[in-house]
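Trainee: I would like to go through this model with you, one question at a time. Please show it first.

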Amino acid sequence: RVLFRSNATGHPEIVAEGLQAGKVNYFLGNDARKWRAGNALYESVLYRNIYCGVDMRFHGNNSQLEYDVIVHPGADPDDIQLQYKGIQGLAIAADGRLDIQLKNGHLFQKKPYVYQKIDGKRVEVAGRFKLQPARKGVFPYGFELAAYDTAHELVIDPIWVYSTYLGG
């Protein structure tokens, strides 16, 4: 499971974005009181102010789960630290992927694509995962970024490669 570092705000505003036309139903188990019908579908879920001046957006893209870390002007990307608990280890592969080591396999996140939108154009910023020392079964990581224009929003966009674990 993914946890946030203790300096996270603790009470982000959670916003569903992009209402979709379809609905989904959950009829699991024999207890009809636990069934749910007509649940709305959304394009993404935004956690606003997960850190001071930093949002996280979770969304699907071409059958892949993605999350974007959005650093607003004036926010410090060094505040961002995610951590895993309940895994075997965490490493950075030679190609920049984050290798999440599980008991029976691996999950990966692709090297983050980091960019800013300046004057209507995407300006790429060099960035990569950065590991912090593990402690008591908790494996923290953040991001190491090249210099960028702090007057503009910065987006850090790693991509899950969850198919590496399916069938495990």
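This is a predicted model: local features need pLDDT of at least 70, side-chain atom pairs count only at pLDDT 80 or more; totals for chains, interfaces and linings use all residues.

Trainee: What percentage of the 168 residues is buried?
Mentor: Buried means under 20% relative accessible area, exposed means over 50%, and partly exposed lies in between (1.4 Å probe, protein chains only). Of the 168 residues in the chain, the buried share is 35%.

Trainee: Which residues of the largest nonpolar core touch the most other members?
Mentor: A nonpolar core is a set of buried Ala, Val, Leu, Ile, Met, Phe, Trp, Tyr and Cys residues joined through side-chain atoms within 4.5 Å. The largest one holds 27 residues. Strands supplying at least two residues each include β5 (64-71), β8 (98-102) and β14 (154-157). The members that touch the most others are Tyr-67, Val-69, Ile-100 and Tyr-141.

Trainee: Which residues does Ile-100 touch, not counting residues up to four places away in sequence?
Mentor: Contact means heavy atoms within 4.5 Å. By that rule Ile-100 touches Tyr-84, Ile-87, Gly-89, Leu-90, Gly-105, His-106, Leu-107, Gln-109 and Trp-160.

Trainee: Why is one side of β7 and of β15 left without a neighbour in the sheet?
Mentor: Two strands pair if DSSP finds at least two bridges between them. The open sheet runs β7-β8-β9-β15 with antiparallel pairing. β7 (89-92) and β15 (160-161) are at its edges, so each has a single partner strand.

Trainee: What is the bridge partner of Leu-102 in β9?
Mentor: β8 runs antiparallel to β9 (residues 105-109), and five bridges join them. Leu-102 has as its bridge partner Gly-105.

Trainee: Which residues of β14 are buried on its two faces?
Mentor: In a regular strand the side chains alternate between the two faces of the sheet. Both faces of β14 are covered, with Leu-154 and Ile-156 on one side and, on the other, Val-155 and Asp-157.

Trainee: Which residue in β14 does Ile-70 stand opposite?
Mentor: β5 and β14 pair in the antiparallel sense over three bridges. β14 also pairs antiparallel with β10 (residues 113-118), over four bridges. The residue opposite Ile-70 is Val-155.

Trainee: Is Asn-39 exposed or partly exposed?
Mentor: Asn-39 lies in strand β3, and its contacts beyond four places in sequence include Lys-23 and Tyr-26. Because its relative accessible area is 25%, Asn-39 is partly exposed.

Trainee: How far apart in space are Gly-18 and Leu-41, C-alpha to C-alpha?
Mentor: Gly-18 lies in β2 (residues 13-26) and is in contact with Leu-41, Tyr-42 and Glu-43, leaving aside neighbours within four places in sequence. Gly-18 and Leu-41 are 23 residues apart in sequence, and their C-alpha separation in space is 8.4 Å.

Definitions and conventions. Residues are numbered from 1 along each chain as its sequence is written. Side-chain values use heavy atoms; hydrogens and water are left out.
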